[in-house]
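Let's take a friendly walk through this fold, with the sequence and the model side by side.

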Amino acid sequence: MNEKTPGDWPGFRKAALILLAWMAVLFGVLTFLGQFQKDLDFHGLSMTREDLPDQVVYSGDSIGHNRKIPIAVTCVPEDGGVRVEFTAGESEAQAYRAAEGRAERITARRGGGIEHGWEEYAFTEEDALFFAALPEADRVRAGWGDYLAATFLAFFLMLYAAFPLALFKLRYMWVVEEPEPTRFYWLGYFFNLGLGLFLVLAGYLLALTGTSL
């Protein structure tokens, strides 16, 4: 009786092809929808803007020190200027009054990096002036270029999954007349295929979030 080898596992290759196709479709739709959702880049944070009747609120999440910290900046027009309040997590707000191109702190400085999620970071006068200008959210994180790069990688991985012996024969056909892959080759093949799936998924996620390596 012949021993069954990993080369007799067509189900894994078929599942990989289906998964890659679905990823291309799903992240294509998400990238398209992402073109209509914009944010504001603030020190590497993704901040969304919400216009309320008497104030404008910018909010996002900072991930630092192994925890997720909600960040919020509230801008309230008053007395010919803008009151800008910054909060991080449960810390007390830092407040500034910005007017005529200058910002004046009206609360004591509170702590530093661990409290706010950045190393040795505190909300500054320059930051207060930035938000006092009530900037619009105009950055589209999801990029078609990054999506196409991930899809290009997925296409080659699909070829790798659909034709498992192509690279093997291309490598050994000039040395051996009729080369036969070993069990070790098949184990390496499926390991590379699984690793490739992970890398393609990571590539799509980076493309969707606008994250740079």
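This is a predicted model: local features need pLDDT of at least 70, side-chain atom pairs count only at pLDDT 80 or more; totals for chains, interfaces and linings use all residues.

Residues are numbered from 1 along each chain as its sequence is written, and side-chain values use heavy atoms, with hydrogens and water left out.

Helices (H or I, at least four residues) and strands (E, at least two) are DSSP runs, numbered from the N terminus. Two strands pair if DSSP finds at least two bridges between them. Strand β6 (residues 94-99) and strand β7 (residues 102-105) are antiparallel partners, joined over four bridges. Glu 100, in the loop between β6 and β7, has a positive phi of about 55° although it is not a glycine. Glu 100 counts as exposed, at 83% relative accessibility; here buried means under 20% relative accessible area, exposed over 50%, and partly exposed in between (1.4 Å probe, protein chains only).

**A nonpolar surface patch**

Now turn to the surface. A nonpolar patch with about 1000 Å² of accessible area together includes Ile 18, Trp 22, Phe 36 and Trp 144. Accessible areas come from the Shrake-Rupley method with a 1.4 Å probe; for residues, only the protein chains shown count as cover. Patches are made of residues with over 30% relative accessible area and no salt bridge, with nonpolar side chains (Val, Leu, Ile, Met, Phe, Trp, Tyr) joined within 5 Å and like charges within 9 Å. A salt bridge is a side-chain nitrogen of Lys or Arg within 4 Å of a carboxyl oxygen of Asp or Glu. Helix α1 (residues 10-34) gives the most to the patch, with eight residues. Phe 32 is found in α1 and is partly exposed, with a relative accessible area of 45%.

**Aromatic pairs**

Rings of Phe, Tyr and Trp (its six-membered ring) pair if their centres lie within 6.5 Å; planes under 30 degrees apart count as stacked, over 60 as edge-to-face and the rest as tilted. By this rule there are 19 aromatic pairs. Two of them are set out here.

| Pair | Geometry | Centre to centre | Angle between planes |
|---|---|---|---|
| Phe 42 and Phe 130 | stacked | 6.2 Å | 15° |
| Tyr 189 and Phe 190 | edge-to-face | 5.1 Å | 80° |

Phe 42 is buried, at 4% relative accessibility, whereas Phe 130 is partly exposed at 34%. Tyr 189 and Phe 190 are both buried. Ring pairs also build a cluster, among its members Phe 42, Tyr 58, Phe 86 and Phe 130.

**Helix α3 and what follows**

Which residues of α3 are buried? They are Asp 127, Ala 128, Phe 131 and Ala 132. These residues lie on the same side of α3, because they cover an arc of only 135° around the axis; the arc is that of the directions from the helix axis to the C-beta atoms. Just after α3, Leu 134 takes a positive phi of about 50°, although Leu 134 is not a glycine. Leu 134 lies in the loop between α3 and α4 (144-162) and is partly exposed, with a relative accessible area of 30%.
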